[in-house]
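Some labels used for a protein model rest on cut-offs.

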Amino acid sequence: MSDQTAQPDGSTFSRRGLLRAAGASAAVLGGGGLLDACSSSIKGASSSSTSSSGSGGTQDIVIGFIHPLTGALADFGTSDTWILKKIAETSQYKNGFKVGGKTYKVTIKSYDTQSDPNTAGNLASQAILTDKVDMLLTSSTPETVNPVATKAEALGVPTICGNVPWQSWYANLGGNPTPGKSTFKPKSVSMYFLGVNDLCNAFIPMWNKIHTQLGTDKTVGCTFPNDSDGNAFRAAWPLFAGPAGYKLIDPPAYTDGLTNYSSMINLFKSNNCDFFTNVPLPPDFNVMWKQAAQLGFKPKLATVAKVLLFPSDVKALGNLVVNVATDSWWVPGMPWKSSLTGETCAQIANDFEADTGQQWVQSLSNYSLFEAAYAAFTSVSDPHDKAEVSDALFKVNIQALAGNLDWTSSKNPAPGVVDTPCVGVQWKPNSKWGYSQEVVDNTLMPNVPLTGTLEPTNK
């Protein structure tokens, strides 16, 4: 197909522009290259314009990847297109999966949720019912992952999820994330990522260090929205902050998209909140943090979740981000290697920067969705038997780019969940990129080297 497509009125439009607008692509791996893709009836979805079969007449393995490439959560998908290219170059995906004595080509279909939960659920339905995927992969916040996981579990389609706090994911499926009560076992969906417990256990050591340095009030201002993440944080934080001696000032939950945070900010000021934590949508934090500066709320240490995770977030706030702390679930200094190629985290980060001219991002960990998919498919006799592949998901045990992904471990907090820890980081000035994410606390991962010194956000 040519890059220019004629319209009934005689005009033309760019085919590349169509793909960008749809935010979608389809790739066939295992002997093929990128295929043309056309927008489907669901905006944000893609479908291959051709079909192919593998060796000996075997039907392709079709994997759907549902993720946000546009909209408020687009930063989470910054590296996904590059990851797809990187995965296509691995021998496993390039040459096809060997399953049950046969070799199967692999087609990956990419679906852009446009950061909308309803679209995510609709795309999952299309991928399963129309595009007939053998497996779904999905990543990046509950707004994306939970609707997909719900649909996949109901329809019995093997699905691997990433980049979603495990408590909100598990509760969404009907499980109880309370320690000791997490007995519900999903039938078809699994996930790997950190939990609210990891964030609490990463933030509190940083609070303690600043408290020791400055003799602070151990009072924490919280802004938790009325959404899946916000509700999970509100429920979990008292279990960790109280025993550590911290008092939480937690205003009523707010609705995503709020534009005036002055009442919360004034409440924090009146209660001498020397610490601050949150879990908002990135655009909401941008508004809130600017208002905090205008109203003179200057916590000694701000520890934020779900925001300031990516360089584009930082550029929007400029110097207001200096020494704001957050978590990082993936950094180049982590000691993991790709199970597909043996490349290290540092090599993957360097390749991303060299290929794209962009600063590395922690969502490069989405690479491991494809590692886990390969491990599951190559352990079964029939890759199109969804029940067999679903069962295989819970037996995957690999050392991957995102860490040790062992779904068989008795140490997992809940069935289907692999809890991957994080490090504490702060954004600091950097001569090359403007600002860089530096590891300032490795309490949860002592094998990750520090690259910076923890400093107060405000003195």
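This is a predicted model: local features need pLDDT of at least 70, side-chain atom pairs count only at pLDDT 80 or more; totals for chains, interfaces and linings use all residues.

Q: What makes the crossover from E17 to E18 a β-α-β crossover, and which hand does it have?
A: The chain goes from E17 through H11 to E18, and the crossover is right-handed.

Q: How do you know that E18 pairs with E22, and in which sense?
A: The pairing needs at least two bridges, and E18 and strand E22 (residues 423-430) have four, in the antiparallel sense. Thr326 stands opposite Val425 in E22.

Q: Why is Asn323 called buried?
A: Buried means under 20% relative accessible area. Asn323 has 10%, so Asn323 is buried. Asn323 lies in the loop between helix H11 (311-317) and strand E18 (325-328).

Q: What is Asn323 in contact with, leaving aside its neighbours within four places in sequence?
A: Contact means heavy atoms within 4.5 Å. On that basis Asn323 is in contact with Leu301, Gln426, Trp427, Lys428, Glu455, Pro456 and Thr457. Lys300 is 23 residues from Asn323 in sequence, and their C-alpha atoms are 9.9 Å apart in space.

Q: Which strands form the open sheet that includes E17 and E18, and in what order?
A: Seven strands form the sheet, in the order E15-E14-E16-E17-E18-E22-E23, with mixed pairing.

Q: What makes E15 and E23 the edge strands?
A: Strand E15 (247-249) and strand E23 (434-441) each pair on one side only. On average, neighbouring strands of this sheet are turned by 35 degrees against each other, direction ignored.

Q: How do you know that E16 and E17 pair?
A: At least two bridges are needed; strand E16 (residues 275-278) and E17 have four, in the parallel sense. Phe276 stands opposite Ala302 in E17.

Q: Which strands does H7 touch where H7 packs on the sheet?
A: Helix H7 (residues 196-214) touches strand E14 (219-223), E16, E17, E18, E22 and E23. The direction of H7 makes about 175 degrees with that of E17.

Q: Which strands does H9 touch where H9 packs on the sheet?
A: Helix H9 (residues 262-270) touches E14, E15 and E16, and its direction makes about 175 degrees with that of E14.

Q: What describes the packing of two helices?
A: Two packed helices are described by the angle between their axes and the distance between the axes. For helix H4 (residues 117-130) and helix H5 (residues 142-155), the angle is about 35 degrees and the axes are 8 Å apart.

Q: In which hand does H4 pass H5, and which residues make the contact?
A: The crossing is right-handed. The contact residues of H4 include Pro117, Ala120 and Gly121, and those of H5 include Glu143, Thr144 and Pro147.

Q: How much of the protein chain is buried?
A: Buried residues make up 56% of the 459 residues in the protein chain, the cut-off being under 20% relative accessible area. The secondary structure of the chain comes to 14 helices and 23 strands.

Technical notes: Residues are numbered from 1 along each chain as its sequence is written. Side-chain values use heavy atoms; hydrogens and water are left out. Helices (H or I, at least four residues) and strands (E, at least two) are DSSP runs, numbered from the N terminus. Buried means under 20% relative accessible area, exposed over 50%, partly exposed in between (1.4 Å probe, protein chains only). A crossover is right-handed if, with the strands pointing away from the viewer, the path from the first strand over the helix to the second runs clockwise. Axes are lines fitted to C-alpha atoms, for helices over the stretch in contact, and angles run from 0 to 180 degrees between N-to-C directions. A crossing is left-handed if the near helix is turned anticlockwise from the far one by less than a right angle, and right-handed if clockwise.
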